Amino acid sequence: MGNMGNPIWNVKDFGALGDGVTIDSDAINRAIAAAAAAGGGTVWIPAGVYACFSIRLCSHITLHLDAGATILAATPTAGRGYDVASENPACSEHGYQDAGHSYWEDSLIWGIGLENVTLQGAGLIDGKGLQKWDTGVPGHGNKAIALKLCRNVVIRDLRIYRGGHFCILPTGVENFLVDNVQIDSNRDGINIDCCRNVRISNCVVNTPNDDAIVLKASMGLGYLKDTENVTITNCQVMGYDLGTFLDGTYGTQQVTAPDFGGVTGRIKLGTESSGGFKNITISNCTFERSRGLALETVDGGDLEDITVSNLTMREVVNAPLFLRRGARMRGPEGRPVGQFRRVSIENVVVHHADRKYACMLMGIPGYPVEQVSIRNVRLNMEGGAGPEAVAVQVPELETGYPDPQFFGQIPAHGFYIRHVSDLNLSGITVRCIDPDSRPCLVLDSVHGARMRDMDLSPRSGSSSAKTVNCTDLDAPELDLG
């Protein structure tokens, strides 16, 4: 039991068996309540397998999973299941975001309105009994860890397997650290929504069916709130077969995600973007067998002041870089199209990116992507497109869902840039593994472009063939090498 000198509460002292069969969440919740009543402390989960429904966190609590300890999400039965989420008017009245972003209590581990909470240890959270889709069925669990309107939260050193719809979903959380966490899951890994002062570091996330690390700014809280002051650093994201990262086999049988595009496993800002993304830094990350980096605002939020540096990507299954300003406007009526401006990307190396795509920088008519700098980028693209790809017309899809796959074949093999202003490209090298008939760059409605130190691969068949196709281009400085 806990005491003043050593505030540690062993869940076995509260009746937990850890036999993998008995439902232990009642005992764990008793231990958490006792620690909270004493002013806080560590709730210790020793080695064993603890079948659980909802575990309810409290303020000033550290939940520590010892080496060899597993919290196993149980499968609901006729008489038992997960906590029923409170009705959220923000979802029922307007539905501006997916239901998974609107409820928190229907989770394996959850907390609302808390402060000073830590989840840590060398143990495993296994979400076997969680649903990976929004079901709305009372008693079903939807997420591994869900937090709403909390402060001073730390998640470190854990492993999470099969985390349901979201492994980690903080909404409206401030001062949040995720460090040295390993995730191998069937939907989103780390999903940061309407949060401020967030640090994600030293994590490895494998999510073939959805995004690995994704920032969002939904209307789940019922009001607009930006996601801001976020650093993502020293992380690895990937899209290997489910479970094969944690077991070390790195399987490659799965080739498509549920949206019928390639496996996902990427870092992304968006899609939910009723609020904005501000003051974000992404650095020192690797992408492997996944989609590329996506920066998107399509629902009225402003995306601004973003820096990206030191990325390596291998086996990219769509656009290595995808910057999109759109007008889906899934949010309160009457708002203007969100701004997309002041973005810097540098020191990126890409090897073997899918032949259908290029790096894509795309606004929409009247609403350009603005003030973007991309420098020191080396692209080694798959190539291999024939002459018919040169004449492809890319749809605008102004109100559509933003993902490279929905634009189809791209008529460039390096960069496709449309509706962009105040653009700087420098130190760009592009090569194709197989000869490609498309130009390296296509620029359409680009104004204020500056390009220097560009080493671009020519079209196949002639070293003198054009490397750039331009339409409505205002470029004060071009040096294409």
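Glu-174 and Lys-225 form a salt bridge, with their closest N and O atoms 3.9 Å apart. A salt bridge here is a side-chain nitrogen of Lys or Arg within 4 Å of a carboxyl oxygen of Asp or Glu. The pair links distant parts of the chain, 51 residues apart. Glu-174 is in strand S15 (residues 174-179), while Lys-225 is in the loop between strand S20 (213-217) and S21. Lys-225 has a relative accessible area of 19%, so it is buried. Buried means under 20% relative accessible area, exposed means over 50%, and partly exposed lies in between (1.4 Å probe, protein chains only).

This is a predicted model, in which local features need pLDDT of at least 70, side-chain atom pairs count only at pLDDT 80 or more, and totals for chains, interfaces and linings use all residues. Residues are numbered from 1 along each chain as its sequence is written, and side-chain values use heavy atoms, with hydrogens and water left out.

Now step back to the whole chain. The protein chain has two helices and 34 strands. Its radius of gyration is 24 Å, close to the 23 Å that the globule rule gives for 481 residues, so the chain is as compact as a globular protein of that length. That radius is taken over C-alpha atoms, and the globule rule is 2.2 Å times the number of residues to the power 0.38. Helices (H or I, at least four residues) and strands (E, at least two) are DSSP runs, numbered from the N terminus. Along its principal axes, the C-alpha trace spans about 80 × 50 × 45 Å. Of the 481 residues, 58% count as buried. The accessible surface comes to about 17,000 Å², and 48% of it belongs to carbon and sulfur atoms. Accessible areas come from the Shrake-Rupley method with a 1.4 Å probe; for residues, only the protein chains shown count as cover.

How do the strands line up? Start at S24 (residues 277-290). Six bridges join S24 to strand S21 (residues 227-233), and the two run parallel. Two strands pair if DSSP finds at least two bridges between them. Thr-233 has Ser-283 in S24 as its bridge partner. Strand S22 (residues 236-238) also runs parallel to S24, joined by three bridges. Here Met-238 is partnered with Glu-288 in S24.

Follow the pairing onward. S24 and strand S26 (residues 303-316) run parallel, with eleven bridges between them. Lys-278 stands opposite Glu-304 in S26. Eleven bridges then join S26 to strand S28 (residues 340-353), again in parallel. Thr-312 stands opposite Val-349 in S28. Next, S28 runs parallel to S30, and ten bridges join them. Glu-346 stands opposite Arg-375 in S30. In a regular strand, the side chains alternate between the two faces of the sheet.

Return to the charged pairs. How many salt bridges does a search of the whole structure find? It finds 31. Arg-187 and Asp-210 make one of them, at 2.8 Å from N to O. Arg-187 is in the loop between strand S16 (182-184) and strand S17 (188-193). Asp-210 is in the loop between strand S19 (204-206) and S20, 23 residues apart from its partner. Both Arg-187 and Asp-210 are buried.

Another salt bridge joins Glu-370 and Arg-325, whose closest N and O atoms are 3.8 Å apart. Glu-370 lies in strand S30 and Arg-325 in strand S27 (residues 321-325), so the pair ties together parts that are 45 residues apart in sequence. Arg-325 is buried, with a relative accessible area of 3%. Elsewhere, salt bridges that share partners join Asp-211, Asp-259, Arg-266, Lys-268, Arg-291 and Asp-403 into one network.

Now look at His-419 in strand S31. Is His-419 buried or exposed? At 10% relative accessibility, it counts as buried. Leaving aside neighbours within four places in sequence, His-419 is in contact with residues including Gly-363, Pro-368, Glu-396 and Asp-444. Contact means heavy atoms within 4.5 Å. His-419 and Arg-324 are 95 residues apart in sequence and 10.0 Å apart in space, C-alpha to C-alpha. Across the chain, among contacts between residues at least 6 apart in sequence, 72% join residues at least 24 apart.

Leu-397, Tyr-401 and Phe-406 make a nonpolar surface patch of about 260 Å². Patches are made of residues with over 30% relative accessible area and no salt bridge; like charges are joined within 9 Å, and nonpolar side chains (Val, Leu, Ile, Met, Phe, Trp, Tyr) within 5 Å. Tyr-401 is in the loop between strand S30 (369-383) and strand S31 (415-434). With 38% relative accessibility, Tyr-401 counts as partly exposed.
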